[in-house]
Amino acid sequence: MIHFQNVTKLYGRVLGVNDITLELPPGAYGLLGPNGAGKSTMLNLLIGQLKPTRGTVTVLGQSPRNNADLMRQIGFCPGFEGMYANVTGLDWVTYLLEMQGLARKPARQLAEDTLIEVGMQEGMRRPIAGYSRGMRQRTKLAQAIAHSPELLILDEPLSGLDPIGRAHMTELLREWIRKGRSIIIASHVLHEVEALTQSFLLISGGRLLASGTATEVHELLFRVPMEIQIRCSDGRSLAAMAIKAGLADSVKITAGTVGDCVQISTHNASELSAELVRWIRVGDQVVFELRTADDSLQSLFNSLMKIHRGEL
Amino acid sequence: MSALRAVFIYEWKRSLTFGRMIWWLIMAGFPCLITALLIWIQSTESPIPLDQRDSIWSMIYYITVPCVCTAMSVLLTAGPAIASELEQRSWVYLATRPHGIFYLLLGKYAVAVTWGFTAALAGLSLAVLLCNAESKMQIWDAMARLSLLSALGYAAVFLFLGALFPRRAMVFCVMYTAVVEVVLGAFPALINRITVQYRLRSLLVQWVPLSDDVKNSPAMEYAIGQGSPMAHTFWLLLLTLIFLVAAIAVARLKEFTAASESDL
């Protein structure tokens, strides 16, 4: 479905993506990466808005740059809004369908059907200026799926939505995937994409760092060096147990107003977490607070980048 | 063709805002205002001699209608055609449609021509009614044709400049008009032949009832071409086509991404 062959994109001296090679068969994929990782550059390369500085991009067997045939088979929903404020959602989607080559009447009917499908039956005849964030996201999705594309490309589709809007959008996208259609969802939040697909591509600093299933990403999260902070009654004994078990790379103890603060750096966070529960249970410890200092996806990306550069 | 029709109707509807309508009225009102002022001056000072009236009114309408009213109107609509989509970040929705850029630019071009030409026609019609020229119909007919050609030519030029420099489209359009169309267009050299002004001036001389003094003046000798009206119209339309094709080619070749949109 998608083929990147040694693709590099430079914006002047700034690197967008760096020597990416990948082959994706039809299916659902999550493109994960922190802000500025190169996700939008990759998406823009997929939809032909950018041409690679080096390498080749092929989507559904064709080059996407200025390719009218391919544009009939792709639906794109950008991360930003960019909708005309003074027109109705129905007019806007109709207009974009007409630009797909449909005549006015069928375009209007299809736009109406699609807007109803995404739950916009109430607001589709109102100007977009009065839409909530969720309504705008749904309208954007409607323009991307109305012409029944083979491949749907979404950039941060759940960003800024409230929990209800998020659940509704997730259900819509699940339905799309259930129909056996291909989709690529770019996001910087793992659990958002996890609810939709089990296949991930991890990108940071313009490089494709890893790819795999959700389980593999979670395993990666636990395998990378991580720091755990524990505020407890006896920091010294806890630190000693961690060192004795060989689970701590380094330990830092600082005395606080309420107990000691133990900062443990570890390569095996999953085992340390299991052991911590046992130590707390058998020992005479009172734990006031336990948190990983950097449990976000960002830490995974940082660590993967270090591994990539040979620093770890 | 449905895509082109859709862009035209959609853009036309969007252009009918209060602010844009005010601009349309200002543009259409400009030749009327100049006419009213001249009639008032004639009533208080000495009137224009009868044998010079057609020449003088023709020159006045040439400057006020195809050169100012039409050119300014298409400048306001065709110049920012791409910049406006980039500014409101709507470009990507249109560019990811089959031949989206082609239809978008052509549709916007058609709207700019219609907008500019209707303003010129309305202003011209009222102004000619007010004036005291002898050959009103001939002047109106010539100016209407010149306005249409001016709208077609200038809209293509401004669309091209807008595609080339979307960040400062209006500035470059004004600079181009001043430097190339006004200054270089008046040079008695080969360069003036590739300006819209040169062709319009050449057609003006042949289409309006100018006096022999004006026609045979040294300034006119260098400022106009000698070909037939058909030849000048052909070259002007060819120039228009070249600029249109260039505008579409530039827009298709350039990379207008989300990043560059937000930079605007």
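Predicted model: local features only at pLDDT ≥ 70, side-chain atom pairs only at ≥ 80, totals over all residues.
Residues are numbered from 1 along each chain as its sequence is written, chains are lettered from A and ligands numbered from 1 in the order in which they are written, and side-chain values use heavy atoms, with hydrogens and water left out.

**Exercise 1. Work out the strand order of the six-stranded sheet in chain A.**

Solution. 
- Start with the terms. Strands (E, at least two residues) and helices (H or I, at least four residues) are DSSP runs, numbered from the N terminus. Two strands pair if DSSP finds at least two bridges between them.
- Read off the order. The open sheet runs β5-β6-β7-β3-β8-β9 in chain A, with mixed pairing.
- Find the edges. β5 (74–77) and β9 (207–213) of chain A each have a single partner strand, so one side of each is left without a neighbour in the sheet.
- Check a parallel pair. β6 (residues 151–155) and β7 (residues 182–187) of chain A run parallel and are joined by five bridges. Ile153(A) has Ile184(A) as its bridge partner in β7(A).
- Check an antiparallel pair. β8 (residues 199–204) of chain A meets β9(A) over six bridges. Here Leu201(A) is partnered by Ser211(A).
- Look at the turn. Two residues separate β8(A) and β9(A) in a hairpin, and Gly205(A) in that turn has a positive phi of about 60°.

**Exercise 2. Describe the three-stranded sheet of chain A.**

Solution. 
- The order is β2-β1-β4 in chain A, an open sheet with antiparallel pairing.
- The edge strands are β2 (14–24) and β4 (54–59) of chain A, each pairing on one side only.
- The twist averages 25° from one strand to the next.
- β1 (residues 2–11) of chain A joins β4(A) through five bridges. Phe4(A) stands opposite Val57(A).
- Helix α1 (residues 39–46) of chain A lies across β1, β2 and β4 of chain A, at about 120° to β1(A).

**Exercise 3. Describe the interface of chain B and chain A.**

Solution. 
- Count residues. Each chain gives 34 residues to the contact.
- Take the area. Buried area is the accessible area (1.4 Å probe) that two parts lose on being put together, summed over both. Chains B and A bury about 3000 Å², 56% of it on carbon and sulfur atoms.
- Name the leading residues. In chain B, Tyr10(B), Tyr93(B) and Arg97(B) lose the most area to chain A, together 26% of what that side buries.
- Find the salt bridges (a side-chain nitrogen of Lys or Arg within 4 Å of a carboxyl oxygen of Asp or Glu). The interface has two. One of the salt bridges joins Lys9(A) and Glu255(B) at 2.9 Å, N to O.

Key: Contact = heavy atoms within 4.5 Å. Axes fitted to C-alpha atoms, helices over the stretch in contact; angles between N-to-C directions.
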